[in-house]
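Let's walk through a protein chain together, from its overall form down to single pairs of side chains.

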Amino acid sequence: MRYFLLLFVLFVCNSHSKAQNALSSTNKKALEAYQKGLKALQERNIEMAFNEFEEAIEKDNLFAEPYFHLAKLYEQSRQFGNAILNYEKAVNTQEKSSVTEIASQQVGQLYLKKGDYPKALVYLEKGLPAVAVSNQKRYFARLESCKFALKSLENPLKITPVELPKTVNRFDSQYFPVLSADRETLIFTGQQDKDENLYQSVFKDSTWSVPVSISDKINTLENEGTASISADGRTLVFTSCGGRRGFGSCDLFIAYKEGNDWSAPQNLGTNINSGEWESQPSLSADGRTLYFVSDRRGSIGKRDIWVSQLDSTNTWTKAINLGNTINTVEDDLSPFIHANGKTLFFSSEGHVGMGGLDLFFAENQQGKWSTPENLGFPLNTHEDQVALFISSDSKKAYYSLERNQDDKIRRAKIVEITLPESLHAKFKPTFFLKGVVTDAQTKQKISANIELVSLKEKEKIGLFTADNQTGIYTFVLTAGNEYAIFVNKKGYFFKSINVDLSQQIGTDKILNISLEPIQKNAKEILNNIFFDTGKWELQPASMIELDKLTLLLNENKGLPIEVSGHTDDVGKDAENLILSQKRAKSVRDYLVQKGINPAMVKSEGYGKTKPLLPNTSAENRKLNRRIEIKFL
């Protein structure tokens, strides 16, 4: 007796039904058994259908049609080896039968899933004449996937997956890894006894610590997983299925870290969650853009990638579909937005690939996504690939790899690879800037808002905060731009920092920041005021900082200021003095033009007489050329 654990789907194809008069056998007993088999299928008597088709083949072993139906039964019961064997007999027993082309299509798809691309291509091409018009686009995509896979196998990426230590890979399965921008905190989903929870491991002394539950406020007796964190590791979005009040089968929740404690998670609300399934979130580095997966109404395919942003009131906007450049009629999953904010990695079975779910990436170019590019073999294989994470410096990648264990159960373990240069060069790396914000007078650690402004686009591209308890901040900068960074806190003079990466790739930096309370004699350098060499006219990029200064002065109208100009020691002393005076006056004139009381602003030029550092290097001279503001 044979028993099949399957949900039966009636599969008698229209093309076959129309061809009943062209069966490939004339043997009466074989035909009789075959007809009984078809009747059993209609009555959903799988056992009888199987026996009758075998009887038909026993009476005529060149009878193609019963081979075809046996193959379908084997395929539905996931006995793919037997399915392939019978499909091939359906194709090859006769030069041409009513099922030759449809069986070719089916066996070609199975070979594609198996990763046997040469055979898949042969059979899929043989099945072309019978492809229905409605299925042509999907079918041609399979053919393209075969050709792409064969080409990819000839040019494999040089990667070597290395399992993270057993201290991390200690659960039944572990997957969906994410790291903080400084690459010191790893958060992943661990499954133990069918229960999913979020775990955290810290990289210290060149090794990963034993994972611990991320928080008792986040993990419950139900399932939590597929999380994403902001660059500073202080905003967490995760999936919760059951155990919390929500809108659908799985919802997205958000929690915030202050000091060492996480807040109680909050449902992200109806602008993001629906009555359907939401999961697999990915936060941008500043925590203000959220990508995720949903199968809600309005999806292009089965499951699509959606996006929402925090608006000026810190409210998440209504999620929108990412569009048909990224999403397909098939599943599109596991989005990951790189720390550079421009490169989106995701998994899809709708784009041309190696078969099944493949990993792709696309670039956001002036608000539009580029055509997704397959990451290639062996990152992608005939098996499903999901949930890739690329480190902020774009040097390492982390993902889950399923492998058979001694008990033959497939378990997912987190692996690390070094990205090959051919892949690494395709998207912009970032580097992190981190440190502690303190009060310059009391040395106490304080919270502050940190604005990241692109001087190229002259717009704010990131907003971060320093921790209220520890004063720690972390954010990322992307190569190919020049940045103005402003550290702000009410009652303090803002700190101005300039980082120019327009011509070079940066390095990770630790930069502790002291903020001066606004009071008499407090002074600060404006590092984002720009002049051409030997000139005193303000460059347009200077207006961003001067407008911030204008706002600060309007909030502190009772304190007069001095604008002072300084030069290095290159050139004649008298000319340097005049240049410094004119530059200081240009700043004063701008402030007055913006409405600052001229009686409250004076300007002075000191030439080379007050250097910050000895004029012994190009870097020191650059720092000595400056504009300072002092409260009088």
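Two residues are in contact when they have heavy atoms within 4.5 Å of each other. Take the contacts in the chain between residues at least 6 apart in sequence: 56% of them join residues at least 24 apart.

Before going on, a word about what you are looking at. This is a predicted model, in which local features need pLDDT of at least 70 and side-chain atom pairs count only at pLDDT 80 or more, while totals for chains, interfaces and linings use all residues. Residues are numbered from 1 along each chain as its sequence is written, and side-chain values use heavy atoms, with hydrogens and water left out.

Now zoom out. The C-alpha trace of the chain spans about 115 × 50 × 45 Å along its principal axes. Its radius of gyration is 32 Å, whereas a compact globule of 632 residues would have one near 26 Å. (The radius is taken over C-alpha atoms, and the globule rule is 2.2 Å times the number of residues to the power 0.38.) The chain holds 12 helices and 35 strands; these are DSSP runs numbered from the N terminus, helices being H or I with at least four residues and strands E with at least two.

How much of the chain is buried? Buried residues make up 52% of the 632 residues. Here buried means under 20% relative accessible area, exposed means over 50%, and partly exposed lies in between, with a 1.4 Å probe and protein chains only.

Next, look inside. In soluble globular proteins, nonpolar side chains tend to be buried together. A nonpolar core is a set of buried Ala, Val, Leu, Ile, Met, Phe, Trp, Tyr and Cys residues joined through side-chain atoms within 4.5 Å. The largest one has 44 residues, and Y34, F53, F68 and Y87 touch the most other members. Several helices give two or more residues to this core, among them α2 (28-42), α4 (64-76) and α8 (136-154). The largest share, seven residues, comes from α4. Another core, of 40 residues, lies apart from it and includes L179, L186, L379 and F427.

At 1.5 Å a residue (times one less than the number of residues), α4 should span 18 Å, and its end C-alpha atoms are 19 Å apart, which agrees. After α4 comes R78, whose phi is positive, near 65 degrees.

Finally, turn to charge. Side chains of opposite charge can pair when their charged atoms come close. A salt bridge is a side-chain nitrogen of Lys or Arg within 4 Å of a carboxyl oxygen of Asp or Glu, and the whole structure has 29 salt bridges. In one of them, D393 pairs with R183, with the closest N and O atoms 3.6 Å apart. D393 lies in the loop between β21 and β22 and R183 in the loop between β2 and β3, so the pair ties together parts that are 210 residues apart in sequence. D393 counts as buried, at 14% relative accessibility.

D232 and R234 form another salt bridge, at 3.2 Å from N to O, and both residues are buried. By contrast, R621 and D569, whose closest N and O atoms are 3.0 Å apart, are partly exposed, with relative accessible areas of 23% for R621 and 29% for D569.
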